[in-house]
Amino acid sequence: MRLHLQIATAIALVALGGGVWYVTGSGRPEGTSQVAARPVDVVASRAGRGEIKVVFDAVGTLRANEAVTVTAKTAGLVRTIRFQEGQKVSAGDVLLELDDTEVRANLAVAEATRRNAAQLLERSKALLPRQAIAQAKVDELNLQLQGAEASVRAAQARLQDLTIRAPFGGATGLRQVSPGALVQPGTPVTTLDDTGVMKLEFTVPEAALPQLREGMEIAASSNVYPGQAFQGTLSAVDTRIDSVTRTLAAVARLPNPDGRLRPGMFMTVRLTLENRANVVLVPEEALVPVGDRQFVYLVVEGKVQRREITIGARSGGNVEAAQGLQGGELIITRGTQKVREGLPVNAKISGGSDVPQAAARPS
């Protein structure tokens with residue numbers, strides 16, 4: 001009865017273990033012989049060598065090359081508005097004039113005072129050779145003339161402040177005042193933006209600092225214009241790194257001859273930091289992450305070999321294998337979830353034929 005129980009147990013182990021058990025005369029398992037595993041079908045590709053671009057994607061905001069809110073410098077009543085909303089103006093063009101009646105009257109008084117002082121000084125100088133006037137009096141009249149001239153210049157400056165001009169060429173914004181309105185110093189009149197060239201502000205991680213240089217080409221895109229890329233160049237990099245985010249600010253210049261780009265627009269930036277040539281490239285789908293480590297499955301003599309690699313840049317579905325792989329090695333790209341170390345496989349190369357495999361042997 002005991003022998004029959006041992007034989008029955010051995011038969012159950014055969015069904016569970018997938019192997020063949022041999023029973024000794026005492027009824028105990030003596031050894032095993034694993035049945036050869038059936039090769040698993042997978043798709044593979046060979047690790048190649050090529051060039052890869054190290055790119056960085058960021059988001060940024062556009063601002064005008066030059067931008068200002070035009071304000072009044074002195075108090076006064078708006079007499080004339082000489083611009084239209086959205087109008088292109090040149091540097092020095094008159095945008096707005098305030099009432100200057102009182103200031104012009106003050107200027108006339110100052111000029112009259114200056115003429116009188118000049119005449120008095122001229123007469124005193126004519127009397128000086130005959131000693132009909134003291135030198136001290138001539139010096140006093142000279143100082144009076146200088147004071148009168150300063151008063152004229154001050155009145156002229158106040159008169160100029162009543163005429164608001166464009167500080168640079170650009171497009172005016174919406175008008176904020178109306179004729180007859182009383183404006184105070186700092187009252188906004190309109191905005192002025194030079195949008196012929198746009199500045200794109202974005203941030204980059206500090207690790208990219210060694211590759212950054214002025215003149216680097218960038219490509220920017222916006223959801224406002226899907227499928228369109230705007231080319232520009234890196235024009236400036238901040239001298240300081242943010243101690244919290246460990247990033248630094250950068251500015252790129254984008255030509256905007258047709259005016260499609262507007263200040264404040266949100267854009268995506270792609271910056272090519274480096275072009276690496278003759279590096280080992282593998283498809284991204286071949287990577288098997290385990291924690292913070294990356295592995296690939298190779299086909300070596302018809303069997304699976306698991307190998308850890310160090311990855312570098314990614315681009316266009318490919319990954320740079322910085323360490324752990326050589327060009328030409330066969331890597332499993334599809335079916336990685338079905339394989340394990342040492343398992344025989346039938347590998348079909350992407351776009352090619354099956355790879356001849358060695359016959360599976362019992363272990």
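This note goes through the predicted model point by point, from the whole chain down to single residues.

1. Basis. The model is predicted, so to speak of local features a pLDDT of at least 70 is needed and side-chain atom pairs count only at pLDDT 80 or more, while totals for chains, interfaces and linings use all residues. Residues are numbered from 1 along each chain as its sequence is written, and side-chain values use heavy atoms, with hydrogens and water left out.

2. Whole chain. The protein chain has three helices and 21 strands; helices (H or I, at least four residues) and strands (E, at least two) are DSSP runs, numbered from the N terminus. Of its 363 residues, 33% count as buried. Buried means under 20% relative accessible area, exposed means over 50%, and partly exposed lies in between (1.4 Å probe, protein chains only). A contact means heavy atoms within 4.5 Å. Among contacts with a separation of 6 or more, 71% are between residues 24 or more positions apart.

3. Helix 2 and helix 3. The axes of these two helices come within 8 Å and cross at roughly 160 degrees. Axes are lines fitted to C-alpha atoms, for helices over the stretch in contact, and angles run from 0 to 180 degrees between N-to-C directions. Helix 2 and helix 3 are therefore roughly antiparallel to each other; angles under 35 degrees count as roughly parallel, over 145 as roughly antiparallel, 65 to 115 as roughly perpendicular and the rest as oblique. The crossing of helix 2 and helix 3 is left-handed, that is, the near helix is turned anticlockwise from the far one by less than a right angle (clockwise would be right-handed). The residues of this contact divide into 14 nonpolar, seven polar and six charged. Here Ala, Val, Leu, Ile, Met, Phe, Trp, Tyr, Cys and Pro count as nonpolar, Asp, Glu, Lys and Arg as charged, and the others, Gly among them, as polar.

4. Ala117. This residue is found in helix 2 (residues 101–127). Ala117 is buried, with a relative accessible area of 5%. Not counting residues up to four places away in sequence, Ala117 touches Gln144, Leu145 and Ala148. Its C-alpha atom is separated by 8.6 Å from that of Gln146, 29 residues apart along the chain.

5. Salt bridges. The whole structure holds 10 salt bridges, where a salt bridge is a side-chain nitrogen of Lys or Arg within 4 Å of a carboxyl oxygen of Asp or Glu. One of them joins Lys73 and Asp161 (3.7 Å, N to O). Lys73 lies in the loop between strand 4 (48–71) and strand 5 (76–81) and Asp161 in helix 3 (residues 135–161), so the pair ties together parts that are 88 residues apart in sequence. Lys73 is exposed at 63% relative accessibility, whereas Asp161 is partly exposed at 23%.

6. Arg82 and Glu97. These two form a salt bridge, with the closest N and O atoms 3.3 Å apart. Arg82 lies in the loop between strand 5 and strand 6 (88–89) and Glu97 in strand 7 (residues 94–98), so the bridge ties together parts 15 residues apart in sequence. Arg82 is partly exposed at 46% relative accessible area, and Glu97 is buried at 13%.

7. Arg307 and Glu329. In this salt bridge the closest N and O atoms are 3.0 Å apart. The pair links distant parts of the chain, with Arg307 in strand 18 (residues 303–315) and Glu329 in the loop between strand 19 (318–323) and strand 20 (330–334), 22 residues apart. Arg307 counts as partly exposed, at 22% relative accessibility. Elsewhere, salt bridges that share partners join Arg79, Arg82, Glu97, Asp100 and Arg104 into one network.

8. Thr172 is in strand 9 (residues 170–172) and is buried, at 5% relative accessible area. Leaving aside neighbours within four places in sequence, its contacts include Phe83, Val89, Leu95 and Thr190. Leu182, in strand 10 (residues 182–183), is exposed at 56%. Leu182 and Gly76 are 106 residues apart in sequence and 5.6 Å apart in space, C-alpha to C-alpha.

9. Positive phi. Most residues other than glycine have a negative phi. Asn278 has a positive phi of about 55 degrees although it is not a glycine; its place is in strand 15 (residues 266–283). Glu301 also has a positive phi of about 55 degrees and sits in the loop between strand 17 (293–300) and strand 18. Asn278 is exposed at 54% relative accessibility, and Glu301 is exposed at 72%.
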